[in-house]
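Take a look at the fold below before reading on. The walk goes from the overall layout to single side chains.

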Amino acid sequence: ISTARRAAEVSLVKKGLPVPAAKMTSRPFSRWRKARRLMYSSAIFRDEAEPLEVASERKLERICAKLGLRPGMRVVEIGTGWGGFALHAASRHGVHVTTTTISREQHELAAARVREAGLEQQVTLLMRDYRDLEGRYDRLVSIEMIEAIGPQYLETYFAKASSLLEPDGMALSSRNAYLDAG
């Protein structure tokens, strides 16, 4: 991999912009993929020198705070990613997380990370399309997954999300936004 490409990849992540996993071939991304709190594409940095893992932890904690997570709550996550949110929310906030993905690679890695953390009783990992989810939850979270749905399916997505929430439930769906500098 060229030095220019490696610098471009690192720059994108530092800015919170997504880099397709298939393009993450440089040494920094190899380290990133093995990070304890692996996140799919963005983080919240205080400054340019801050490590990615610290900025990723900040992002997870911000999401948990916005959801008002408390011990014993039941949370459903649409889009497991690499398991970072489920691990963080279960271990730091004492919630039970049911999380789903349709990616075999993400499911396998997330399952290994849940086992390694000893959180099998607090994290239920499914390999299922979100439209097939059932049950009622106190909170719903979907982190940077909505981009993959497509605008023609947004009504279905939000209807399904709503159907999964208790009457006093709350949802947080985040996405990457790109500002047009022009």
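This is a predicted model: local features need pLDDT of at least 70, side-chain atom pairs count only at pLDDT 80 or more; totals for chains, interfaces and linings use all residues.

The protein has six helices and five strands. Read from the N terminus, the elements follow the order α-α-α-β-α-β-α-β-β-α-β. Of the 182 residues, 45% are buried.

In what order do its five strands lie? The order is β3-β2-β1-β4-β5, the pairing is parallel, and the sheet is open. Its edge strands are β3, residues 123-127, and β5, residues 165-174. Each of these two pairs on one side only. On average, neighbouring strands of the sheet are turned by 15° against each other, direction ignored.

Now look at β1, which covers residues 74-78. Strand β1 has β2 as a parallel partner, joined to it by five bridges. Strand β1 also pairs with β4, residues 137-143, again in the parallel sense, over three bridges. Valine 76 shows both pairings. In β2, its bridge partner is threonine 98. In β4, valine 76 stands opposite leucine 140.

Strand β2 deserves a stop. Five of its six residues are buried, so β2 is largely enclosed by the rest of the structure. Threonine 98 has its place in this strand. Is threonine 98 buried or exposed? Its relative accessibility is 7%; the cut-off for buried is under 20%, so threonine 98 counts as buried. What does threonine 98 touch, leaving out residues up to four places away in sequence? The list is Val75, Val76, Glu77, Thr124, Leu126 and Tyr137.

Helix α4, residues 84-93, lies across β1, β2, β3 and β4. Its direction is at about 175° to β2. Helix α5, residues 104-117, lies across β2 and β3. The angle between α5 and β3 is about 160°.

Glycine 83 sits in the loop between β1 and α4. Glycine 83 is buried, with a relative accessible area of 3%. Setting aside neighbours within four places in sequence, glycine 83 is in contact with Ala110 and Arg113. Valine 123 is 40 residues away from glycine 83 in sequence. In space, the two are 9.5 Å apart, C-alpha to C-alpha.

Helix α6, residues 154-163, comes next. Which of its residues are buried? They are Tyr157, Lys160 and Ala161. These residues cover an arc of only 100° around the axis, which puts them on the same side of α6. The buried residues of α6 pack against β1, β4 and β5.

Tyrosine 130 is in the loop between β3 and β4 and tyrosine 157 is in α6, so the pair ties together parts that are 27 residues apart in sequence. Tyrosine 130 counts as buried, at 9% relative accessibility. Tyrosine 157 is buried too, with a relative accessible area of 0%.

Tyrosine 157 also pairs with phenylalanine 158. Here the distance is 4.9 Å centre to centre, with 75° between the planes, and the pair is edge-to-face. Phenylalanine 158 has 45% relative accessibility and counts as partly exposed. Tyr130, Tyr157 and Phe158 form one aromatic cluster.

The charged end of arginine 74 sits over the ring of tyrosine 137, 4.6 Å from the ring centre.

Notes:
Residues are numbered from 1 along each chain as its sequence is written. Side-chain values use heavy atoms; hydrogens and water are left out. Two strands pair if DSSP finds at least two bridges between them. Helices (H or I, at least four residues) and strands (E, at least two) are DSSP runs, numbered from the N terminus. Axes are lines fitted to C-alpha atoms, for helices over the stretch in contact, and angles run from 0 to 180 degrees between N-to-C directions. Contact means heavy atoms within 4.5 Å. Buried means under 20% relative accessible area, exposed over 50%, partly exposed in between (1.4 Å probe, protein chains only). The arc is that of the directions from the helix axis to the C-beta atoms. Rings of Phe, Tyr and Trp (its six-membered ring) pair if their centres lie within 6.5 Å; planes under 30 degrees apart count as stacked, over 60 as edge-to-face and the rest as tilted. A charge sits over a ring if NZ of Lys or CZ of Arg is within 6 Å of the ring centre and within 35 degrees of the ring normal.
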